[in-house]
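Colleague: I have a model open and some terms to check. Can we go through them one by one?

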Amino acid sequence: MDKSKIKTYLNDIIDDDPETIRAFVAEEALGYDNPKLFFEDLQQYGCISGMVTSLIYYQDTHNFFDCYYDDIQILKETYESNTGKALQIKDDIKNFLAWFAFEETAFQIYTEIDDG
């Protein structure tokens, strides 16, 4: 999928699923000139790298966690069910799970883009 189609796809996510983690991720990706490269860099470096500017500080990750708590729990349970392993939470639980949810959702969107 070329860059313009990816941007259209991400805008459609925002329009169709506002107030979701998917929309949050799509908005972050649209802040980059090449959203596909954003997803690829995120897979390699993760949120811990600071590349997701809206999730750098604990205040931001805690707000994200509180806002999307139910969706985060579903992502966590699905991940654990699919892998057969409990998620090994390190350090601050809200920060860890916010980053996990963002990265997991971004991976799902990237897979959709890459397949499309």
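Modeller: Here is how the terms apply to this chain. This is a predicted model, where local features need pLDDT of at least 70, side-chain atom pairs count only at pLDDT 80 or more, and totals for chains, interfaces and linings use all residues. Residues are numbered from 1 along each chain as its sequence is written, and side-chain values use heavy atoms, with hydrogens and water left out.

Colleague: How many helices and strands are there in the chain?

Modeller: Six helices and zero strands. Both are DSSP runs numbered from the N terminus: helices are H or I, at least four residues, and strands are E, at least two.

Colleague: What makes the chain as compact as a globular protein of that length?

Modeller: Its radius of gyration is 14 Å, close to the 13 Å from the globule rule for 116 residues, so the chain counts as that compact. The radius is taken over C-alpha atoms, and the rule is 2.2 Å times the number of residues to the power 0.38.

Colleague: Why are α2 and α6 called roughly perpendicular?

Modeller: Helix α2 (residues 21–30) and helix α6 (residues 93–115) pack at about 75 degrees, axes 9 Å apart. Angles of 65 to 115 degrees count as roughly perpendicular, so α2 and α6 qualify. Axes are lines fitted to C-alpha atoms, for helices over the stretch in contact, and angles run from 0 to 180 degrees between N-to-C directions.

Colleague: Which residues of α2 and α6 make the contact?

Modeller: I21, R22, F24, V25 and E28 of α2, and A101, F102, T105, A106, I109 and E112 of α6. Contact means heavy atoms within 4.5 Å.

Technical notes
Parallel < 35°, antiparallel > 145°, perpendicular 65-115°, else oblique.
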